[in-house]
Amino acid sequence: MLIPSLLAERPGLHVHARYLSLFLATRLLGYLVFAVVAWELGAMISLQAPTRPLIFAFIHLLLAGVLLRYAYSVGKACNRRIERRELVTIGTAMRHPVSGAAALGFLTGISLCPPFVAAGVRAAETSSLAAAILFFAIFFVGTSVWFVPFTGLGWIRRNEAITTVARMAMALIAFFYLYAGLMTLIGKHLYGA
Amino acid sequence: MAPNTQTARESRSVGRSLLLTLPIVVWALLMSSAAYGHANRAQWIASAVTVLFMITLFFMMMRTSSTYRWRRWFFVALGLLFPVGFIHQVMVFRGTMGIPIEEMIAGRTPFCFLPIPLLILPAAFTKTLVFPGSILPNGGMSGGGMAAMAAVWLAVTLVVGKGWCSYACFFGGIEEGMASLPAKAKVRKIDPRWRYGPWAVLLAMVLLSLALFEPAYCMWLCPFKAVSEYVAARNTVGLIQNGIFIALFAGLVIVLPLLTKKRTQCAFFCPFGAFQSIFNKISVFEIKIDKSRCTPCVLCQKSCPTMALTDESIKQGETLMSCMKCGACVDACPKGAAVWHIRGTEVALRPERARLMFLYAAWAMSIMFAGGIIAEGLATILHIFI
């Protein structure tokens with residue numbers, strides 16, 4: 001989802017650097033929240049089996065909603081034809097609209113992919129909360145290095161074609177997350193026979 | 001008018017048309033003789049009919065100097081007969097159009113060209129092909145293997161660029177046939193931003209394929225699963241997948257072409273088409289607009305089945321990169337302004353020569369690649385009676 005959302009923003013290395021900084025900062029926040037929860041609850045192994053899929057499903061549905069709202073907000077921002085200094089925000093009618101980058105960063109930070117769950121188990125085995133937080137901070141640094149090259153997308157010129165493609169791609173990916181969330185919610189497999 | 005410039009619409013004499021068709025006759029006969037080792041009667045008749053069909057169409061292209069309507073006959077025949085032959089083969093081998101998971105695990109899933117762009121990034125990062133097929137033939141329905149299809153695709157694409165979508169794609173003929181049925185379009189105003197749909201689908205499917213390690217388009221969004229084969233619907237997931245395939249086929253391939261007279265699946269959805277558009281940037285052959293002759297009446301724009309001409313592109317004297325080289329605009333232009341062109345040469349100097357060179361290449365490849373598919377479909381039908 002990062003590539004379409006970056007393409008939906010204005011061009012410019014500084015804009016994309018700001019976007020990625022915000023995305024990674026809220027992603028780190030998500031990681032640390034998870035570290036605290038994992039350590040306090042004794043990690044995912046102590047969570048009841050039915051609870052874990054519900055968390056998966058909820059996060060996926062939230063991601064779907066945010067992506068769809070983001071795609072809609074990009075269109076509104078383009079239609080306003082004003083010089084956009086800020087990054088695209090979702091919920092522009094609210095008093096304190098949330099940056100799309102921040103929302104996506106936090107949600108991907110708490111999204112429970114298998115390596116993340118494994119890291120959560122590892123964190124829960126540490127001797128103290130501080131050690132768990134430190135573990136996840138280093139885990140974050142290790143995974144975030146791969147995001148740095150995406151700043152280069154700021155070099156791509158933006159026009160109606162790029163923005164429309166980005167919005168449509170976000171919507172398609174959102175539908176996938178919607179499907180994944182709903183299927184997990186009703187207790188079905190996501191793939192194959 | 002420049003000297004030695006034949007407009008694209010002047011008819012030729014029968015003798016000259018036959019002479020120009022001769023290379024295609026030789027090629028078609030060569031291809032048909034190599035097709036079947038020991039042909040039975042139905043196969044022999046089907047092969048002969050196909051050869052005659054392709055030669056006749058090319059002759060008419062030469063005689064009338066128009067391309068689109070004759071190419072369309074071939075393309076619709078290909079689109080209709082491919083499912084006939086393919087489904088028959090699937091039923092003979094497996095007894096069902098659904099691919100059992102065991103076949104996929106064994107690498108016997110037949111490979112078509114549509115997932116090619118989805119395999120590139122996963123292969124680059126992990127040296128793994130995320131398609132449940134085999135690189136070389138593997139028995140059962142694995143067909144010629146992924147390498148054979150990739151080689152054919154590359155050879156055709158390097159020469160004709162996105163002309164693949166008009167001369168080789170065995171799926172596009174169905175919607176082209178649907179689009180040609182109504183006399184007038186019921187829906188005439190189409191938001192031009194839908195033209196970006198294929199790129200969005202390509203981006204989303206490439207990213208999902210990389211994330212999920214599967215050919216995401218084949219698993220979730222290919223409308224042509226409805227007329228070929230699909231994952232066996234053994235559970236809720238399979239039912240959802242097949243429901244999506246059928247809905248997309250009905251909408252994009254049947255209903256929307258009937259309403260709009262456009263190739264809506266190709267123009268607004270197909271990610272492979274978007275990928276092929278990239279090759280139009282390096283393709284030798286293209287269609288240009290001779291600005292000295294253009295009025296502009298925008299008949300070319302209205303005739304284009306994939307909306308590859310805009311007011312701005314016409315002013316610039318070119319088509320968009322999504323042009324499929326079907327020839328509709330060239331045939332529709334009353335002033336001979338829309339012309340075939342060889343990259344690097346002067347526009348409209350010898351458009352008919354450019355057209356001939358393109359058609360020889362494209363038609364030869366159509367005979368080689370699609371001729372066998374048409375013959376196979378025909379033979380399947382003839383088997384019922386013979």
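Predicted model: local features only at pLDDT ≥ 70, side-chain atom pairs only at ≥ 80, totals over all residues.
**Helix H11 and its surroundings in chain B**

Trainee: How do you know that helix H11 of chain B has close to the expected span?

Mentor: Helix H11 (residues 236-260) of chain B has 25 residues and covers 34 Å from its first C-alpha to its last.

Trainee: Where is the kink in H11(B) centred, and what is its angle?

Mentor: The kink is centred on Gly251(B) and amounts to about 30°. The angle is taken between axes fitted to the seven residues ending there and the seven starting there.

Trainee: What makes Asn235(B) a cap of H11(B)?

Mentor: A side-chain oxygen of Asn235(B) lies 3.3 Å from the backbone nitrogen of Val237(B), at the N-terminal end of the helix. Just after H11(B), Lys261(B) adopts a positive phi of about 60°.

Trainee: Which elements do the buried residues of H11(B) pack against?

Mentor: The buried residues include Phe245(B), Leu248(B), Phe249(B), Leu252(B) and Val253(B). The partners from chain B are helix H8 (172-180), helix H10 (216-220), strand S2 (230-231) and helix H12 (264-268), and chain A contributes helix H7 (160-185).

Trainee: How do you know how much area domain 1 and domain 2 of chain B bury between them?

Mentor: Buried area is what two parts lose on being put together, summed over both, so the value of about 2300 Å² covers both domains. Of this area, 75% is on carbon and sulfur atoms. In domain 1 of chain B, Phe75(B), Arg94(B) and Phe369(B) lose the most area to domain 2 of chain B, together 29% of what that side buries. By contact, 26 residues of domain 1 of chain B meet 29 residues of domain 2 of chain B. The centres of these domains, taken over C-alpha atoms, are 23 Å apart.

Trainee: Why is Val298(B) placed in its accessibility class?

Mentor: The relative accessibility of Val298(B) is 22%, which falls between 20% and 50%, so the residue is partly exposed. Phi of Val298(B) is positive as well, near 55°. The residue occupies the loop between S3 and H14 of chain B. That loop, between strand S3 (285-289) and helix H14 (299-303), also holds Pro296(B). A cis peptide bond, with omega of about -25°, joins Thr295(B) and Pro296(B).

Trainee: What makes Leu54(A) fall into its class?

Mentor: At 46%, its relative accessible area lies between 20% and 50%, so Leu54(A) is partly exposed. Leu54(A) is part of helix H3 (residues 51-79) of chain A. Its C-alpha is 9.3 Å from that of Ile186(A), 132 residues apart along the chain.

Conventions:
Residues numbered from 1 in each chain as written. Chains lettered and ligands numbered in written order. Heavy atoms only, no water. Helix = DSSP H or I, 4+ residues; strand = E, 2+ residues; numbered from the N terminus. Expected span 1.5 Å × (residues − 1). Buried < 20%, exposed > 50% of the residue type's maximum accessible area, 1.4 Å probe, protein only. Contact = heavy atoms within 4.5 Å. Polar contact = N/O pair within 3.5 Å; in protein donor to acceptor, adjacent residues only side chain to side chain. Domains from an automatic or database assignment. Buried area = accessible area lost by both parts, 1.4 Å probe.
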